[in-house]
Every structure is written in C-alpha cells, then in structure tokens.
Amino acid sequence: MRFLSSYRGLMTSTVRKIDKTMFIPKHDPVAQSDIARLEDFLRDKSQILVLTGAGISTESGIPDYRSEGVGLYARTNTRPIQHPDFVKYENVRKRYWARNFVGWPRFSSIEPNAIHHSLARFERQGRILGLVTQNVDCLHTKAGSKKIIEIHGNGYIVICLSCDYSIPRHDFQDILNTMNPSMAVTIPDMLRPDGDVDIPQEAIDSFRVPSCPQCGGSLKPRIVFFGDNVPMKSIEDIVRWNCESDGLLVLGSSLLVFSGYRLVLQTKELGLPVAIVNIGPTRADHLADLRISGKCGDIIPRLFSTNQ
C-alpha cells in the first residue's frame, strides 16, 4: 500500500498544514494518578483488546463527527453519506467521489500520532492482544500495528458493488485525475472524517467517475457507510478476539455507534473488565471498571515509559 500520495493533478492548490489542535475538544489536564491507575489496570494483563475511535485521529488532524464545538456536526449542517443513497443514486456517488478526489491528497498525507505509535509499541512488547478500530484512516497501519480489525473498513481500497474487483485508492486517484484533468478547486481546511470535503456544485456537476472495468458496476471505498452493516467476518473475528482477551481498553470513542458499544456489552457478558479513556462522556460509562476523562495523547504515550 502506498501511503504517500502519488497525486499529480492539475489542481491549483497545495496541501496546506493545518492546526491539529483545532479538532480536539476542550479538556482538563490529566493527573499523574490517572496514568498510574491505567497502568495498574493493564499491568497484570497481556491479552488486552483495544478499541479505538475518532478521538485518537483528531490528534493527527482528522475531525470526528460528534465532539462538542469542534466535530463535524457542530461545524456544518451536512451529514455523512448514507449507504442506501450511495448505492441507489448516481448523483450521490458523483458528489462523493468529486469531494473525496479533492480531499484525498490531504487525507492520505496525514501521519499517525504518538497514540498510534504507542499502541504499535505495546503490540511489539506483547502488552495487547490486538486492535479493533472504528477509524477508516489506516493510521494504525502506518504506525506499524499488525493485528488490526478495521470494523468500518478503510478508505485506502476501492471496491466494486457488483463483483470482486478492487483497486488501491492511490491508483484510483490517478484514474480520476486522468478523467478530470481540468479540475481546479481550492482544498478547504474542513476535512471530513472519511476524507471528503465541501466543494462548489459546479465542480461536482462536471466531475467524471469511472465504472468498474471488470463488470461496469459502481465503485465505492471499502468503508462501511452509515446505514450499512459491518461485515459478518469482522464481527466473528472481534468476538473470537474478545473471548481470548483478558479485558477491553476503549480509547477516544463516545461509543454512540453500536458497533463499538456492542463490543463493550460483549466484554461485560464475558465477565471481563473494561477501561475507557475519552474526552467527555461515553455511552458505556456506567459499564466501565475504570473511566478516565482526558486526551488520549496525554495518557497513552506516557504508559510504561520507563520500559520503552
């Protein structure tokens, strides 16, 4: 997988650096005692399962949907694309791909932060069983984690809705660039969690999207859009991992999406402990054996720091 974008379009703009803190909600400083409590929770466990949400990617500069004051819902009236609409309507697919085409250079250039690198280190050290992530940005893979279940897929692969065709997203970007050589749109600062951006309607109207070269079907990113179902294999793999684990650590998720909340419920049904680190309340606070309110980047990289 080529993580560094090979984007060679004729767009008039460049990928500007943005303030990575602009998507992180207000939070209180983390106490050293909180770090010690989480270390105690993890110390006697070598098979911890980790669930990560958008709250860790915000620290790399990718916004989430729900954070108070800074999330997508707080900044715009536009809502995420719905799977049934993408499948049914050609104009919806065109709008998605036009906006994603413009946002891809920035989205694909975003780098993992200290949280991602720390979790990769924990895996190498044998401290965790594996990662289940709700994010579609591949930042865990970029950081070096190997044992990952991407519960909502990822934006780095494009698939056909009608056959088994697939293509790396970078290669698909080259195809889109060839088909739209005169596309000239300023890349806005407001990147969305799945990589698309707002652009003028006239740019969308003129945008061309290819069909599947194998069967003529419609192409979409390998992302579980809102209104779609998590693949059964992912669910089965997560259940198997959970049964092998000795607890669950939730990082940066409000757990309002059921796919994440369901994992917490399963963990408790197995009689296993749950720890949650997140800015603001979560749907499963009442189920947590340990709950820390704070920025994951202020906590996770400082765990077991003397053993690096």
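The model is predicted: local features need pLDDT of at least 70 and side-chain atom pairs pLDDT 80 or more, while totals for chains, interfaces and linings use all residues. Residues are numbered from 1 along each chain as its sequence is written, and side-chain values use heavy atoms, with hydrogens and water left out.

I start with the sheet. It is open, has three strands in the order β5-β4-β6, and pairs antiparallel. Strands here are DSSP runs of E with at least two residues, helices are runs of H or I with at least four, and both are numbered from the N terminus. Pairing requires at least two DSSP bridges between two strands. β5 (166–168) and β6 (219–223) are the edge strands, each pairing on one side only. On average, neighbouring strands are turned by 40 degrees against each other, direction ignored. β4, residues 153–160, is joined to β5 by three bridges, antiparallel. Val158 faces Ile167 of β5. Helix α8, residues 169–179, packs on this sheet and touches β4, β5 and β6, and its direction makes about 90 degrees with that of β5. Contact means heavy atoms within 4.5 Å.

Now the helices. The axes of α10 (232–244) and α11 (258–269) come within 10 Å and cross at roughly 35 degrees. Axes are lines fitted to C-alpha atoms, for helices over the stretch in contact, with angles from 0 to 180 degrees between N-to-C directions.

Which residues of α10 and α11 meet? Ile235, Ile238, Val239 and Asn242 in α10 meet Arg262, Leu263, Gln266 and Thr267 in α11.
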